Amino acid sequence: MLKGTKKAAVLALAGLMVASLVSCGGKDKGNMTKEEKAAHKAQAKEYAKEGYKVRTNPVTKKAYEDFEAFKVIVADWWNPSDGSQSAEPANERDAADKAWHQFIMDEYNFDIDRYGIDDWGTHPETIANFCTTGGDENYVFVADNRSIAAGLKAGLFYDLNKIKSVDWTAPKWNQRVNEIMTKGNSLYGVRFDPPEPRYGLFFNKRLLKEAGIDPEKPYDLQAAGEWTWAAWEEMLKATTRDLDNDGIPDTYGMAHNTSYICHMAIESNGGRLITKDGSGNYVLNFLDDKCVEAMNWINQMGVLYQKPQPEGANWDWFMSAFVNGEIAFCLEQQYMMSNWANNPDEWGFVCFPYGPNSKTKYTTMHDDWVYVIPACYDDARAEKIAMAFDLWSDDTPGFSDPDAWKESYYSLAKDTRAVDETLQYMRDNPNPIEHGMISGLEWGNVFWSIYPFGGSYVESCEAQKASFQGLIDEQNR
């Protein structure tokens with residue numbers, strides 16, 4: 001992170017650039033005023049001190065030419081419709097990022113920004129429609145699991161390996177995402193943003209303490225590398241308590257979203273529902289020994305320690321059960337921190353415990369969105385879009401604080417260990433998953449009828465095997 005007078009100088013120049021150069025796009029240096037040129041030159045010197053160099057085309061070995069006011073829209077559903085660059089900076093880092101993006105746009109004379117072009121519900125349809133029919137806009141779409149599998153199957157995304165001027169193996173691109181988005185010799189999506197921490201176990205500290213367990217113990221075991229299935233099972237047993245001796249527990253060890261808990265049990269044991277063969281084709285792997293072991297175990301935990309769903313309750317009843325202090329553990333995504341920040345009980349957040357076959361210890365599941373370019377563009381147009389996107393996605397010179405991301409989480413979490421230990425581990429150990437990459441395949445058809453009732457996982461898999469394999473074969477074509 002920048003410090004002292006160096007930081008002050010960069011931020012002062014950043015403020016000047018944001019104030020004088022924000023123009024909803026780049027400005028040709030030949031058309032800048034004298035003051036704007038001076039600000040741009042001064043900023044270039046500061047960036048040069050941090051290692052910035054004018055980018056060259058790896059194909060031509062020459063500096064990038066003028067992009068001639070070429071406009072690229074990085075399209076999502078949550079940013080302002082007039083672009084994120086136009087919004088007031090939220091903090092110092094945001095101000096520095098905006099200044100950097102403005103500098104890049106002015107340096108190469110293009111316009112690129114994040115725009116919210118629709119809403120969450122209609123975004124997959126927007127992507128499918130544009131990639132099918134085309135249009136004048138130059139899009140890099142943000143695509144999530146609702147669009148990725150269907151888009152790959154339908155051939156909606158441009159093969160990024162055809163781009164000659166961008167190195168997709170560079171460190172800023174998440175290589176695990178590259179693996180998932182690769183089919184054969186073709187790459188269809190990338191991601192440069194850090195992985196967002198996702199699935200973990202929320203735990204009620206009061207219920208642990210009342211059951212005779214140190215409320216910091218899940219954290220301590222996690223830190224010691226000893227947060228295992230067996231350690232969690234002991235806590236589940238201790239917190240499933242019949243307080244009035246009527247034969248019915250008054251507090252339970254856990255309750256969860258069925259799909260979440262089944263997926264996490266499998267991942268935590270080193271299992272994979274879908275794998276790839278040497279040719280890059282998807283392979284149905286749900287009867288692998290690691291998967292079967294995990295599901296047999298979590299089914300047993302569900303029968304013994306999960307609170308039964310109340311009759312007539314909505315699908316998300318377990319969330320209220322956690323808020324009301326009826327369950328000690330709840331598997332959810334970290335974004336529930338914002339929903340539960342004002343819970344009356346103190347809670348913590350740890351990774352899912354690891355099983356006997358896990359080689360990576362703790363795990364989560366990352367199903368973050370990726371960036372795709374429509375396949376309807378010709379090669380020259382796709383190349384130009386990718387070049388601009390590559391320039392824009394470079395990290396802001398001089399701002400490399402590895403802990404800056406934590407600030408937004410501290411105000412939500414009940415303790416700092418959830419952020420400094422658990423979320424940090426999740427960011428440092430990304431685990432993008434393939435099980436959502438098969439269009440039309442619903443894993444709930446296996447899980448919903450057996451968890452937490454203790455049904456046979458193998459029998460449920462056998463019942464779905466033919467239909468699942470058919471969907472996989474179709475995706476592989």
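Which element gives the most to the lining of the largest pocket? Helix 3 does, with six residues. Welcome to this predicted model, in which local features need pLDDT of at least 70, side-chain atom pairs count only at pLDDT 80 or more, and totals for chains, interfaces and linings use all residues. Residues are numbered from 1 along each chain as its sequence is written, and side-chain values use heavy atoms, with hydrogens and water left out.

- On a 1 Å grid over the protein atoms alone, a pocket is an open set of points with protein on both sides within 12 Å along at least five of seven lines, while a cavity is a set of points where a 1.4 Å probe fits but cannot get out.
- Lining residues have an atom within 4 Å of a point.
- Grid points are joined across faces, edges and corners, and a volume is the space filled by probe spheres set on the points.
- Helices (H or I, at least four residues) and strands (E, at least two) are DSSP runs, numbered from the N terminus.

**The largest pocket**

- The volume of the largest pocket is about 2000 Å³.
- Its lining counts 48 residues, and R93, D97, D193, P194 and W405 are the closest to the centre.
- Two or more lining residues come from each of helix 3 (92-108), strand 2 (110-116), helix 15 (407-410) and helix 16 (417-428).
- By class, the lining of the largest pocket holds 18 nonpolar, eleven polar and 19 charged residues. Here Ala, Val, Leu, Ile, Met, Phe, Trp, Tyr, Cys and Pro count as nonpolar, Asp, Glu, Lys and Arg as charged, and the others, Gly among them, as polar.

**The second largest pocket**

- The second largest pocket has about 920 Å³ of space.
- Among its 29 lining residues, N145, R146, Y199, Y260 and D367 lie nearest the centre.
- Helix 5 (145-154) and helix 10 (258-268) each supply at least two residues of this lining, and helix 5 gives the most, with four.
- The lining of the second largest pocket divides into 14 nonpolar, eight polar and seven charged residues.

**Cavities**

- Two cavities of 30 Å³ or more turn up in a search of the whole structure.
- The largest cavity holds about 130 Å³ of space, and of the 15 residues that line it, V177, I180, H366, D368 and P432 are the closest to its centre.

- Five of the five residues of strand 3 (residues 139-143) are buried, where buried means under 20% relative accessible area, exposed over 50%, and partly exposed in between (1.4 Å probe, protein chains only).
- In a regular strand the side chains alternate between the two faces of the sheet.
- Y139, F141 and A143 point one way from strand 3, while V140 and V142 point the other way.
- Strand 3 pairs with strand 1 (residues 70-76) in the parallel sense over three bridges; two strands pair if DSSP finds at least two bridges between them.
- Strand 3 also pairs with strand 12 (residues 370-372), in the antiparallel sense and over three bridges.
- F141 stands opposite A75, and its bridge partner in strand 12 is V372.

**A buried loop residue**

- N343 is found in the loop between helix 13 (336-340) and strand 11 (347-350).
- N343 counts as buried because its relative accessible area is 8%.
- Not counting residues up to four places away in sequence, N343 touches F322, V323 and K414, where contact means heavy atoms within 4.5 Å.
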